[in-house]
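Here is a short tour of a predicted model. Keep the sequence and the 3D view open as you read.

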Amino acid sequence: MMKLVNVGFGNMVSSSRLVAIVSPDSAPVRRLVQDARDAGRVIDATCGRRTRAVIVMDSEHVVLSPLQPETVAGRMEGKGKGTEEEDGE
């Protein structure tokens with residue numbers, strides 16, 4: 001059973017593949033995003049909104065989210081709405 005986490009606007013990522021949730025404000029994180037963009041590993045889930053969280057996956061993909069990092073982390077822990085579980089059908 002795969003646990004999915006809503007990262008904004010109905011977009012989901014697998015919580016078991018998630019490595020880090022960071023703020024996009026620092027220069028190293030901006031560099032990480034740019035390097036991933038150049039390599040074609042960025043998944044933009046912002047729907048045109050401002051990026052507020054950068055989610056690093058174990059596959060080296062980088063997901064851009066319009067939600068605050070604390071919000072995404074809370075959804076991982078099941079404290080907020082937006083966690084979904086696949087029922088295997």
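How many bridges join strand 1 to strand 2, and do these strands run parallel or antiparallel? Strand 1 and strand 2 (residues 11–14) are antiparallel and are joined by four bridges. Please remember that this is a predicted model.

**The hairpin**
- Strand 1 and strand 2 make a hairpin, with two residues between them.
- Phe-9, in the turn, has a positive phi of about 55°.
- Across the pair, Asn-6 is found opposite Met-12 of strand 2.
- Strand 1 covers residues 3–8, and five of its six residues are buried.

- Four strands form an open sheet in the order 3-5-6-4, and their pairing is mixed.
- Strand 3 (18–22) and strand 4 (42–44) each have a single partner strand because they stand at the edges, so one side of each has no neighbour in the sheet.
- On average, neighbouring strands of this sheet are turned by 20° against each other, direction ignored.
- Strand 5 (residues 53–57) and strand 6 (residues 62–65) run antiparallel and are joined by four bridges.
- Ala-53 has Ser-65 in strand 6 as its bridge partner.

**Helices on the sheet**
- Helix 1 (residues 27–38) packs on the sheet and touches strand 3, strand 4, strand 5 and strand 6.
- The direction of helix 1 makes about 115° with that of strand 6.
- Helix 2 (residues 69–76) lies across strand 3, strand 5 and strand 6.
- Relative to strand 3, helix 2 runs at about 145°.

Notes. Residues numbered from 1 in each chain as written. Predicted model: local features only at pLDDT ≥ 70, side-chain atom pairs only at ≥ 80, totals over all residues. Heavy atoms only, no water. Pairing = 2+ DSSP bridges. Axes fitted to C-alpha atoms, helices over the stretch in contact; angles between N-to-C directions. Contact = heavy atoms within 4.5 Å. Buried < 20%, exposed > 50% of the residue type's maximum accessible area, 1.4 Å probe, protein only.
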